[in-house]
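Student: I've got a structure open and I'd like to talk it through. Can we take it step by step?

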Amino acid sequence: MSAPTTARGYGISDTKKYTDFSVQEFKLKTAGPHDVTLDIEFCGVCGSDVHTITGGWGPLSTDWVVPGHEIVGKVTHVGDEVKEFKVGQRVGVGAQVYACLECDRCKADNENYCPEQVDTYNAPFPDGVMAQGGYSSVIRTHDRFVFAIPEEIKSEEAGPLMCAGLTVYSPLKRNGTGPGKTVGIVGIGGLGHLAIQFAHAMGAKVIVFSHSANKKDDALKLGADEFVLSGEKDFAKPYFDKLDFILSAADVHNLPISDFLSMLKVEAKMVSVGLPDKEWEGLQPQIMASNASAIGTTHIGSKVECNEMLKLAAQKNVRPVIDQILPMSQAGKAIEGVKENHVRYRYVLKQDLA
Ligand SMILES: [Zn+2]
Ligand SMILES: [Zn+2]
């Protein structure tokens with residue numbers, strides 16, 4: 001069978017009408033020897049989809065954007081050089097679909113920081129074709145950005161691991177999360193609820209900080225050792241000098257950052273994988289002077305990390321909590337639910353274009 005050249009998807013053309021999805025046909029990137037083509041079965045709804053199509057992260061880079069980068073499906077075509085995958089295999093694709101694979105970063109398994117990296121949607125491939133996301137029938141990408149899904153993980157559950165799972169696993173791993181370490185997780189939504197599970201699965205002591213008292217039971221069930229209400233005065237005091245690392249998944253611009261940093265040990269780091277539309281408040285360099293702490297962010301993860309993450313998820317039963325599985329044609333409803341904070345953890349869209 002030859003590789004398809006087009007696909008159909010649900011896309012947005014106006015950031016002010018971000019729930020008005022239209023179905024259109026679009027062109028797929030030219031099929032290369034390393035490309036894998038898959039029929040999409042499920043796609044998770046990530047906060048990035050909402051930030052992008054509402055214009056929160058800036059204007060759209062093309063006139064019609066299909067979001068979605070938590071993709072799971074079955075391989076329908078592989079290029080001649082693809083050794084890792086075969087037709088019929090169940091695989092996933094996350095938030096990246098291209099890197100040069102030749103620069104020092106790519107060669108050192110940092111392809112997620114390649115200067116030529118291409119996002120899964122709202123960005124052009126080097127051949128000029130716009131990359132379109134997973135609210136669609138078919139996606140094609142280089143085999144470096146395709147991941148085998150362990151048998152233990154259901155297809156609908158694998159979707160959110162492709163972006164949310166990898167996005168939290170990579171900084172946890174790179175900052176030494178493991179036995180004997182105490183890790184703070186800030187925020188319990190789509191990213192945070194996976195971060196709690198992964199930090200616990202990696203063997204760390206996990207302290208969860210949240211504004212919502214009603215998420216305490218969930219946090220403890222997901223593997224938190226302690227739950228702290230971060231809205232309360234002096235919440236940070238009992239944890240002074242106790243944390244080896246903080247991962248913030250809170251998608252807000254007004255975090256009490258200096259309180260969080262005060263809990264870090266000397267030269268420890270806080271990484272935010274929540275990327276709010278607005279600048280952070282109160283980010284003066286002085287707030288890091290008392291413990292030489294550092295603050296930063298990260299960008300998804302590498303293929304090596306993704307495969308490790310999936311293996312750990314399979315072994316330790318780390319799974320996204322899915323609020324609802326909706327048909328893809330109801331993408332607008334899912335987007336509205338995320339935007340208005342009605343979703344607790346994750347919506348997943350099921351294919352209905354076939
Ligand atoms: Zn995402
Ligand atoms: Zn590169």
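Tutor: Let's start with a term: donors are N, O and S atoms within 2.8 Å of the metal (3.2 Å for Na, K and Ca), and water is not among the atoms, so sites may look incomplete. This is a predicted model, where local features need pLDDT of at least 70, side-chain atom pairs count only at pLDDT 80 or more, and totals for chains, interfaces and linings use all residues. Residues are numbered from 1 along each chain as its sequence is written, chains are lettered from A and ligands numbered from 1 in the order in which they are written, and side-chain values use heavy atoms, with hydrogens and water left out.

Student: How are the donor residues of the zinc ion (ligand 2) spaced in sequence?

Tutor: The zinc ion (ligand 2) is held by the SG atoms of C100, C103, C106 and C114, at 2.3 to 2.4 Å. Read along the sequence, the spacing of these donor residues is C-x2-C-x2-C-x7-C.

Student: What arrangement do the four donor atoms make around the zinc ion (ligand 2)?

Tutor: Four donors count as tetrahedral if all angles lie between 85 and 135 degrees. Around the zinc ion (ligand 2) the angles are 104 to 119 degrees, so the arrangement is tetrahedral.

Student: How far apart do the C-alpha centres of domain 1 and domain 2 lie?

Tutor: The bounds come from an automatic or database domain assignment. Domain 1 is 6-153 + 321-350 and domain 2 is 165-296. Their C-alpha centres are separated by 28 Å.

Student: Which residues form the salt bridge between domain 1 and domain 2?

Tutor: A salt bridge needs a side-chain nitrogen of Lys or Arg within 4 Å of a carboxyl oxygen of Asp or Glu. The count between the two domains is one. With the closest N and O atoms 3.2 Å apart, the partners are D218 and R344.

Key: Tetrahedral: all angles 85-135°; square planar, octahedral: opposite > 155°, others 65-115°.
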